[in-house]
Amino acid sequence: MSEQHVQSVLHSAPGSGAELLEELGMVLYVGAALIFVVVMGLLLHAVFSRRLRASARAWVIGGGIVFPAVTLFVLLTYSLAVGSAVSALNSGTALQLLLNCFGIDSNARIPPPLPGTLRINVVGKQWWWEVRYRAADGELRNVPLANELRIPVDEPVELMVSSGDVIHSFWVPSLAGKVDMIPGRTNRLVVRTSEPGIYRGQCAEYCGGQHALMALYVVAEPRERFYDWLRNQAQPARAPTDPFLRSGYDAFMQGRCPECHTVRGTPAEGTSGPDLTHIGGRHSLAAGVLKNHIGTMAGWIAGSQDVKPGNLMPDSEIHTGSQLRALAAWLESLE
Amino acid sequence: MSVTARIAIGWLYLVLCGCMAPEGYEPHVPEGDPRQGREVLAELECGVCHVIPGVPGARGRVGPALADYKRNVYIAGRYPNDPDILTRFVRDAPSMSPDTAMPAIEMSEAQARDIAAYLYSL
Amino acid sequence: MPSWIHKPSWVHKPTRKIVLLVTGAIALVLFGALGAAVVLLSGAYSTAATTQHFKITHRLLDAGLRYSVRASASDIQAPILDEPHKYEQGAACYRLHCAQCHGAPGIAPDEEGRGMLPIASNLAQSAREWPAEWLYYVTKKGVRMSGMPAWEFRMSEESLWSTVAFLTRLPSLTRAEYAQLSQYSAQLECESAEGAEMQASEDRTKIVFRQYACHSCHRIEGVVGPKSYVGPALVEWSHRKYLAGTLPNNEENLVRFILDPQAVRPHSLMPKLEVAPAHARQMARYLLELE
Ligand SMILES: [Cu+2]
């Protein structure tokens, strides 16, 4: 497993939008702190000095009008510059960014994906993420996945975020700012990083009981590895190879699982739960809540309501002990 | 000892707080470190299926609660509760009880010992 | 101004007495409790079955038993007991379930039955003195803290009454007659409580657990018993997903497991207890309601 990064705006990934934002933030914090110190110094001076050195009028005009006007002008210019750098990442214009801020830029004007750019649809659901890769590359169109994003390093990736139910917010602090996921609307966000590793993200808008347990991992990999992975993900699930896995497959099909889950290449075509075609290869289960191994898999299937109370998957209630283990083993084998 | 003497001793117990519960069974896991064990339990997330006191988030009810484990007489209703057997069981339950719902979770021998030591320390 | 207002002693004297009495009583109770604690902790109270009860204790317990049985048996109506073959049937039950403790005409109790305190009395005496309803009640419900088991969950209603029919004849049997009866009844079986009806009140279910000795191995929520962890603690059971580590936890599977654990798990150390199906269901429902 590659390195896992701290989930924090103060640990932005190099080459990401978050890095620019962190810089902007730093300038603001440090600047504000300096101004605060100076103002406090002047205040003390005013209180303790007996003699007024300059005229009151000069102070009011200098400190009350000229200084804020100049500072704010410089800051506005700087932040617009940062904004346009972020949107350059977004391959849009500063104006577009501004319009976006006020929500004027509507869905209708979402440009088609740039040639060669990876576009990923991410749909927030209670309480997981539906992910759909739409690489411009012909054979890799429309790969449905869930709960984990992989991106190539040093390449801007376009995320089209929306919601399947209530308002969620997509936020991977080390990669980019938050973008709300709003039903009936698609927002656009470009992420990019030059450092491989695993970045954790978290839903950032209260969306119901299990909002706190709605996280996801973004895995940044070198381009080659990434495309190998994506090609593999586009494949349907491999047929079970040995009798034990076979019995796990049967247990899956006998249960209610196919009502809600898709495993491509099998009769399971439900869509109200995450796609499980390659579940064994993910770093986590249940939207970043559990590590992914046979134990957590079996535990989730038999007792998801204790792990994530109220989540929309019922506990399996029909599998015997060995069926449960076989089912978990089969799902783990789907890499 | 005469009854009077015993009663006199009884007074003494009363004065000295009077608790005289006999010592329970104290299993010992060679080279098992309970503190380490607790971390292994958290790391492997055994808590999805078990309530384990002292391990954050361990509130699963798929398997039995693992509280005060040394008082249990048997492991999984089949084997005597003994450090060696417990160490084997937590590492590979299915090989010892093929119909069990508890999977074999990958861990080292040392980790299994630490887990056993922690469970006995509860 | 009335004169008594100036005589506070008239008001206070009885109050003082009451205060004195109450303090005295509390002190006495505390002292008694302390004494009891001393006796308990010092180990001076012997639990050995070889020490005898004080005579007065024995008489008191005996009288207590009689009064209790008389009160409880007052609304029991005995059926006709001298139906043909009824007492022969009862003899079979007696030989199988009672003689090891109570002995029989000319026959001593077995070894288990001899070392008990209190000792199981020879029933030839009791049967002369006690009405059938009392015998029935004691046989059905047992006697607590004496070693006399309750037979309600091991013998059918029919068998209980035939045993009583036998008991009523017991005082008149000679050694030879009993030997003959015993030989004859050897081919008869004593019907167990297999076809018991379900009477599912919560209290009743707790009795069922105790009567199958489930609490000798399990700690069961709501049932008082030894702190035994031979089997898993049966607490908060409704949340449990798997039963005996292998079956999904639901009523049907629970009934299946209680009736025949080895059919579910051949190596299980949980014994098969010959539980009546209705009782198994009753226990399963009780467990599945434990939050
Ligand atoms: Cu949320």
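These legends describe close-up views of a predicted model. Local features need pLDDT of at least 70, side-chain atom pairs count only at pLDDT 80 or more, and totals for chains, interfaces and linings use all residues.

**View 1. A nonpolar patch on the surface of chain A.**
A:Ile35, A:Phe36, A:Val37, A:Val39, A:Met40, A:Leu43, A:Leu44, A:Val47, A:Phe48 and A:Phe67 form the patch. Together they have about 990 Å² of accessible area (Shrake-Rupley method, 1.4 Å probe; for residues, only the protein chains shown count as cover). Patch residues have over 30% relative accessible area and no salt bridge; nonpolar side chains (Val, Leu, Ile, Met, Phe, Trp, Tyr) are joined within 5 Å, like charges within 9 Å.

**View 2. A:Phe36 in helix H1 of chain A.**
Helix H1 spans residues 17-48 and gives the most to the nonpolar patch, with nine residues (helices are DSSP runs of H or I, at least four residues, numbered from the N terminus). A:Phe36 has a relative accessible area of 53%, so this residue is exposed (exposed is over 50%, buried under 20%, partly exposed in between; 1.4 Å probe, protein chains only).

**View 3. The interface of chain A and chain C.**
Ten residues of chain A are in contact with eight residues of chain C (heavy atoms within 4.5 Å). The rule finds two salt bridges across this interface (side-chain nitrogen of Lys or Arg within 4 Å of a carboxyl oxygen of Asp or Glu). The side chains of A:Asp315 and C:Lys241 meet in a salt bridge, at 3.7 Å, N to O. Helix H7 (294-307) and helix H8 (321-333) of chain A each supply at least two residues of the side that touches chain C. H7(A) gives the most, with three residues.

Conventions
Residues numbered from 1 in each chain as written. Chains lettered and ligands numbered in written order. Heavy atoms only, no water.
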